[in-house]
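Here is a short tour of one protein chain for anyone meeting it now. Keep the sequence and the 3D view at hand as you read.

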Amino acid sequence: MSVDESSPRSALHEKNYLRYFLGSFVAMLGRQMLSVAVGWEMYEKTGSAMALGYIGLAQFLPVLLFTLPAGNLVDRLDRKNVLLWAQAIFLVATGGLFLNSILHGPAAIMYACLVLAGIGRAFHSPANAALIPQVVSERNFTNAVTWGSINYQASSILGPTLGGAMIGILHNAAPVYLVEFLTCLIFVLVLFRTESRPYTPTGSSMTWRSMLSGVDFVRKSPLILAAITLDMFAVLFGGAMALLPIYAKDILHVGPSGLGWMQAAPSVGAILMGFFLARQQELRKSGVLLLGSVIGFGIATIIFGLSRNFLLSLAMLFLTGVFDNVSVVIRQALVQLRTPDEMRGRVSAINYIFIGTSNELGGFESGLVAHWMGPVFSVVFGGFATIATVLGIAAIWPELRRLDYLHEKKASASSESSAPAAV
């Protein structure tokens, strides 16, 4: 059966990708539920805010240490097998959290399991990013990236809600860990049934030179370097989400229920924008769209920082999700479509380090500035810094301003068709 490329669900019409899409959603849903359970149980055990901070650190350090070697392995071995091994690590980590919970074990065991989960993340992210182009056809890849973004945002809304509800009803985190274990197992079974196009691993030796070749490729690819750098600094400076509890309690005075709405608003905006992008057959003027979306993100962040009206604040958070999803879809599609297949694992690892670390550091930066200058200054400063970053990157890498098609072949064809005929 032929696939209608103009359909907003063109990637989902491919049964192989649809199977992978649904399995991935189940896995992400469980992981989002897990994040709520870990925070709740850790605070129950320790009563310490610092202990909650160490949760992020326990997962961040393995990502920093293992992602580059993981990217190299993804290009040397079968990518689906690497992804399966990452899921196996998640299963062990989640099983450890479950047993520790029912046995009322110490917080130290929880941290050990979280470090193990962080190692799993370090291998999962580059393997997943490199495998998707082998699971979906090239013509539907951008559409698949859009649906992948919708997938993530939907799990970000439903996962914490379901996890919190289970803990509220059962007064125990252990059942949530069990659900996460089962969702991970479901994804493993889906992976076994997912077909991927043949890929010949490079078979290169595991050396520092081979691991850093991804860095070298990104450095020599102005469009990819500009897009990754732009997103990294936008996330680093636009860290309003980390300060939402302060806004909910002390500035907008809306309490925990208002905080829940505020945390969900960006994901709702991202999902709706994802549905809109899915209807676009091919993005044109992608560079201008990318730069404009990050400027819009910065403006919405500034207005949110200054707002004292709850509805206006919700609207601005909604818009940050809208603009952020445009940026995410364009960046992810650009990185994958402009990277040779044999380099996708290592380049995806670089991309993940840039964006993953900026999420953690962005929350730290926002908290640090808020500590010394106040939360409003922190958020507003972050918005202006984001806009300044866009202007700087547009000046340093003019290629990004001129980017039209995301796909290199289409861009080349467009250039050739617009060139004057030879006489």
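## Two histidines in loops

Let us begin with His171, which is exposed, at a relative accessible area of 61%. You will find His171 in the loop between α5 (141-170) and α6. Please keep in mind that this is a predicted model. The backbone of His171 deserves a look too: its phi is positive, about 55°, although His171 is not a glycine. Most residues other than glycine have a negative phi.

His104 also has a positive phi of about 55°, and it is not a glycine either. Its place is the loop between α3 (79-102) and α4. Is His104 buried or exposed? His104 counts as exposed, because its relative accessibility is 69% and the cut-off for exposed is over 50%.

## The chain as a whole

Stepping back, the chain holds 16 helices and 0 strands. It has 423 residues, and buried residues make up 54% of them. The accessible surface comes to about 19,300 Å², with 68% of that belonging to carbon and sulfur atoms.

How do the parts of the chain meet? Take the contacts between residues at least 6 apart in sequence: 86% of these join residues at least 24 apart.

## A salt bridge and a buried histidine

The count of salt bridges comes to 1. Which side chains form a salt bridge at 3.6 Å, N to O? They are those of Glu180 and Arg31. This pair links distant parts of the chain, with Glu180 in helix α6 (residues 174-193) and Arg31 in helix α1 (residues 15-46), 149 residues apart. Both Glu180 and Arg31 are buried.

His124 counts as buried, because its relative accessibility of 15% is under the 20% cut-off. Setting aside neighbours within four places in sequence, His124 is in contact with Arg31, Leu83, Ala86, Gln87, Phe90 and Phe187.

## A nonpolar patch on the surface

Now for the outside of the model. Tyr54, Leu57, Leu61, Leu64, Leu65 and Phe66 form a nonpolar patch on the surface, and together they have about 550 Å² of accessible area.

One of these residues, Phe66, belongs to helix α2 (residues 49-76). Phe66 is partly exposed, with a relative accessible area of 32%.

## Helix α14

How far apart are the end C-alpha atoms of α14? They are 31 Å apart, which agrees with the 32 Å that its 22 residues should span at 1.5 Å a residue. The buried residues of α14 include Ser378, Val379, Gly382, Gly383, Thr386, Val390 and Ile393.

Leu391 is also in helix α14 (residues 375-396). Leu391 is exposed, because its relative accessible area is 55%, and exposed means over 50%. The C-alpha atoms of Leu391 and Leu291 are separated by 8.5 Å, and these two residues are 100 residues apart along the chain.

## A loop residue between two helices

Our last stop is Asn309, in the loop between α11 (286-306) and α12 (310-337). With a relative accessibility of 42%, Asn309 counts as partly exposed.

What does the side chain of Asn309 reach at 3.0 Å? It reaches the backbone nitrogen of Leu311. Asn309 and Leu252 are 57 residues apart along the chain, and their C-alpha atoms are separated by 6.9 Å.

Conventions: Residues are numbered from 1 along each chain as its sequence is written. This is a predicted model: local features need pLDDT of at least 70, side-chain atom pairs count only at pLDDT 80 or more; totals for chains, interfaces and linings use all residues. Side-chain values use heavy atoms; hydrogens and water are left out. Patches are made of residues with over 30% relative accessible area and no salt bridge: like charges are joined within 9 Å, nonpolar side chains (Val, Leu, Ile, Met, Phe, Trp, Tyr) within 5 Å. Accessible areas come from the Shrake-Rupley method with a 1.4 Å probe; for residues, only the protein chains shown count as cover. A salt bridge is a side-chain nitrogen of Lys or Arg within 4 Å of a carboxyl oxygen of Asp or Glu. Helices (H or I, at least four residues) and strands (E, at least two) are DSSP runs, numbered from the N terminus. Buried means under 20% relative accessible area, exposed over 50%, partly exposed in between (1.4 Å probe, protein chains only). Contact means heavy atoms within 4.5 Å. A polar contact is a pair of N or O atoms within 3.5 Å; within protein, one must be able to donate a hydrogen and the other to accept it, and residues adjacent in sequence count only if both atoms are side-chain atoms. The expected span of a helix is 1.5 Å times one less than its number of residues.
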